[in-house]
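Please read the points alongside the coordinates.

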Amino acid sequence: MTDQNRVYIFDTTLRDGEQSPGATMSHAEKLEIAQMLDEMHVDIIEAGFPIASEGDFAAVSEIARQSKNSVICGLARAQIPDIDRCWEAIKHAKQPRIHTFIGTSPLHRAIPNLDMDQMAERIEQTVTHARNLCDNVQWSPMDATRTEHDYLCRVVEIAIKCGATTINIPDTVGYTAPRESADLIRMLLERVPGADKIIFATHCHNDLGMATANSLAAVEAGARQIECTINGLGERAGNTALEEVVMAMRVRNDIMPFSTGIDTTKIMGLSRRVAQVSGFAVQFNKAIVGKNAFLHESGIHQDGVLKNVETFEIMKPADIGLNENNIAMGKHSGRAALRAKLADLGYEVGDNQLKDIFVRFKDLADRKKEVFDEDIIALVQDAAANTGDDYLQVKHLRVVCGSDGQSADLTMIVGGEEKTVHSTGDGPVDACFNAVREIFPHEAELQLYQVHAVTEGTDAQATVSVRMQEEGRIVTGQSADTDTILASVKAYVGALNRLIVRREKTGKDSDAKQISMYSH
Ligand SMILES: CC(=O)SCCNC(=O)CCNC(=O)[C@H](O)C(C)(C)COP(=O)(O)OP(=O)(O)OC[C@H]1O[C@@H](n2cnc3c(N)ncnc32)[C@H](O)[C@@H]1OP(=O)(O)O
Ligand SMILES: CC(C)C(=O)C(=O)O
Ligand SMILES: [Mg+2]
């Protein structure tokens, strides 16, 4: 294997991933994910879109300052103020990169209403400006896969001449297919002067379920940077999943002799954390990181695996950080065992966090016969999602249900003030949600209410997900508890807490006055 076969991994979970409706992450969550990506040795982290909001700017700036290994990249439109703002945010990074883009296909040229020549001129101005600020510039012709080839060659050549060091070829709407994805990169390498001096990147969306295949095909044709996200998070059907391309090149290195710098043992921990902070649960049968990816239930498979694990497993669970351990957790377990179990599950926790999780763990172990790994994951996620610092907190809940009607007595802390109401509804969950609305009136519309049992048995914990929308802002909340109704209320209140943060971030209806006005 030669260095020519080194593929750079560009993670855009914090930018394209966060563009998934409802996947907004808090400032602290973004810093944490960036640190995990950095420790996983992702080559480039796209940390955000600095001009989009003050919150994005602050997150990108802080990630730039904290990053140790990765290049830190910010996104900017083909506009001078965007590029300047981006540079302001990333300039403190050890290795900063400006990523600027404009849509080059006929449909996308119509958005800023530029003809081919005007757009070419804009690209020349903006890439030159970016390069005058930063040595490391990436340029993307958005919707490249639907752009006329001659025009694509023309604009890629301009961007290279103006100093772009990486040219990203996005399949913005997930329209291409593997052969075409490869042909496009090959065509650019053959036709564009200077193409051999820069890195071509591939950025695929998964609208037709081909993002991973399209990315790998582009690499086979000469692309050397894959843009991807953890769990395939991203706009619409998502982006290429980092774990899929990285593990595909590792497991099938015989036919795809490419290497990455990724520490694959960090995959599972990141997958879980991203699922939690984004509110996008990983489907059970998701490649690599799904709950069932290494499970065997049918007899013939179990028999085969017992005789030789390779009969039905093409990679080792440990390679992605899924450690098999024999620590059985229950009410007699202590802090040392819990810390070891958490580490096995990919959670490195500080002493204070361990203290808090331990209290919750003991409480759960008292209520549940067996505490499984899934229970501990749900518990950690619940502890992180519903902290004691939130504006809205559930203090006490009493629910009456049955054939004679349903009602809820709910006490909450709202900005430090205790409030209690009695409410009724069509079922216990409805009664509880009505009570929350009475305590904290809001216009947000409930879009999704989903309950999953974490494990089997009637004492299983339920994880509840709630999604809400208010004036274009979409937020989610999750919670887990053996009491499904309590988990439902906590998930609902969690979503409201995120909505409050979003209102503050977007500056509309946002300030404390608004919050207290709603709550009186
Ligand atoms: C495929 C992708 O992932 S693209 C990235 C998508 N990400 C985002 O949009 C991030 C969040 N976006 C935002 O916060 C806002 O849209 C902002 C701050 C970027 C811009 O907000 P506004 O100034 O209010 O503009 P608005 O969103 O209404 O419209 C986009 C404007 O950008 C222009 N534009 C869009 N893309 C580009 C581009 N790549 N280069 C130059 N101009 C562009 C559009 O033409 C439009 O301007 P116009 O109304 O003068 O024609
Ligand atoms: C901004 C660009 C690279 C993008 O996300 C896309 O085209 O999908
Ligand atoms: Mg994209």
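1. Among the 50 residues that line the second largest pocket, Glu-29, Glu-32, Arg-273, Gln-276 and Ala-384 lie nearest its centre. On a 1 Å grid over the protein atoms alone, a pocket is an open set of points where a 1.4 Å probe fits, with protein on both sides within 12 Å along at least five of seven lines; lining residues have an atom within 4 Å of a point.

2. Two or more lining residues come from each of α1 (27-39), α10 (267-278), α12 (335-344), α13 (351-367), α14 (373-385), β14 (473-481) and α16 (484-506). The largest share, eight residues, belongs to α16. Helices (H or I, at least four residues) and strands (E, at least two) are DSSP runs numbered from the N terminus.

3. By class, this lining has 19 nonpolar, 18 polar and 13 charged residues.

4. This is a predicted model, in which local features need pLDDT of at least 70 and side-chain atom pairs pLDDT 80 or more, while totals for chains, interfaces and linings use all residues. Residues are numbered from 1 along each chain as written, chains are lettered from A and ligands numbered from 1 in written order, and side-chain values use heavy atoms, without hydrogens and water.

5. Oxygen atoms of ligand 2 make polar contacts (N or O pairs within 3.5 Å) with the side chains of Thr-172 at 2.6 Å, His-203 at 3.1 Å and His-205 at 3.0 Å. The protein covers 95% of the 260 Å² of accessible area (Shrake-Rupley method, 1.4 Å probe) that ligand 2 has on its own.

Notes
Nonpolar A, V, L, I, M, F, W, Y, C, P; charged D, E, K, R; others polar. Polar contact = N/O pair within 3.5 Å; in protein donor to acceptor, adjacent residues only side chain to side chain.
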